[in-house]
Amino acid sequence: FLDSKLEAIASSNNINNPDNFTLNISPENLVKLQKIENKFDKTPIEKIYIHYRRCLVENKYLTEDDLIRYLDLAFDKKTNPERLFILSNKPSKIKMRSYFYFHYKEIAGAPHGKQLKYASLLGEYFEGYDTKTVSSNFTK
């Protein structure tokens, strides 16, 4: 069931250490993921999925189903959720900002003038975060 593109990204991408990362995605979610088109930026959705799965799902802050819904809303539909996503196990705001800053800087290449746009991926979708505050504290 595992798409070879996902497997290749998981094993070769330097943001993932294959020794401590397993890609356990249900067949249903794999089908959903393959239908998501990244209209937010040019990064392959599989690479974004792997990053946020490792940060949010593996740390039990978000369920796999919620991650797929988040990716669909934020990257394909580019619409805010009716209800903000609620993180479990209350990660620190510094830790959460670092996950999203890593996406902006390392995965997307820190596109000039787009920091607020990338901060909105946290601020507009998750309870307890504000886009302007996230952006102004991104590097802290």
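Residues are numbered from 1 along each chain as its sequence is written. Because the model is predicted, local features were required to have pLDDT of at least 70 and side-chain atom pairs were counted only at pLDDT 80 or more, whereas totals for chains, interfaces and linings use all residues; side-chain values rest on heavy atoms, with hydrogens and water left out.

The protein chain contains seven helices and zero strands, where helices are DSSP runs of H or I with at least four residues, strands are runs of E with at least two, and both are numbered from the N terminus. The order of elements from the N terminus is accordingly α-α-α-α-α-α-α. Of the 140 residues in the protein chain, 48% are buried; buried denotes a relative accessible area under 20%, exposed one over 50%, and partly exposed a value in between, computed with a 1.4 Å probe on protein chains only. Among contacts with a separation of 6 or more, 67% join residues 24 or more positions apart, a contact being defined by heavy atoms within 4.5 Å.

Helix α3 spans residues 45–57 and is mostly covered, eleven of its 13 residues being buried. The buried positions include I45, I48, Y52 and R53. F75 counts as buried because its relative accessibility is 0%. The C-alpha atoms of F75 and D41 are separated by 7.9 Å, although the two residues are 34 residues apart along the chain.

Five salt bridges were found in a search of the whole structure, the criterion being a side-chain nitrogen of Lys or Arg within 4 Å of a carboxyl oxygen of Asp or Glu. In one of them, the side chains of D76 and K39 meet with an N to O distance of 3.0 Å. D76 belongs to helix α4 (residues 64–77) and K39 to the loop between α2 (27–35) and α3, so this pair ties together parts that are 37 residues apart in sequence. D76 is buried at 13% relative accessibility, while K39 is partly exposed at 44%. A salt bridge also joins the side chains of R53 and E58, at 2.2 Å from N to O. R53 is buried, with a relative accessible area of 5%, and E58 is partly exposed, with 34%. In the salt bridge between K77 and D72, the closest N and O atoms are 2.4 Å apart; K77 is partly exposed, at 48% relative accessibility.

Helix α6 (residues 115–123) contains S120, which is buried with a relative accessible area of 16%. The side chain of S120 reaches the backbone oxygen of K117 at 2.5 Å. When neighbours within four places in sequence are set aside, S120 is in contact with Y125 and T131. The C-alpha atoms of S120 and D130 lie 7.8 Å from each other, the residues being ten residues apart along the chain.

The largest pocket holds about 200 Å³ of space. Pockets were identified on a 1 Å grid over the protein atoms alone, as open sets of points where a 1.4 Å probe fits, with protein on both sides within 12 Å along at least five of seven lines; lining residues have an atom within 4 Å of a point. Grid points were joined across faces, edges and corners, and the volume is the space filled by probe spheres set on the points. The lining consists of D66, R69, L73, P81, E82, R83, L84, F85 and I86. By class, five of the lining residues are nonpolar, none polar and four charged, with Ala, Val, Leu, Ile, Met, Phe, Trp, Tyr, Cys and Pro taken as nonpolar, Asp, Glu, Lys and Arg as charged, and the others, Gly among them, as polar.

Conventions: A polar contact is a pair of N or O atoms within 3.5 Å; within protein, one must be able to donate a hydrogen and the other to accept it, and residues adjacent in sequence count only if both atoms are side-chain atoms.
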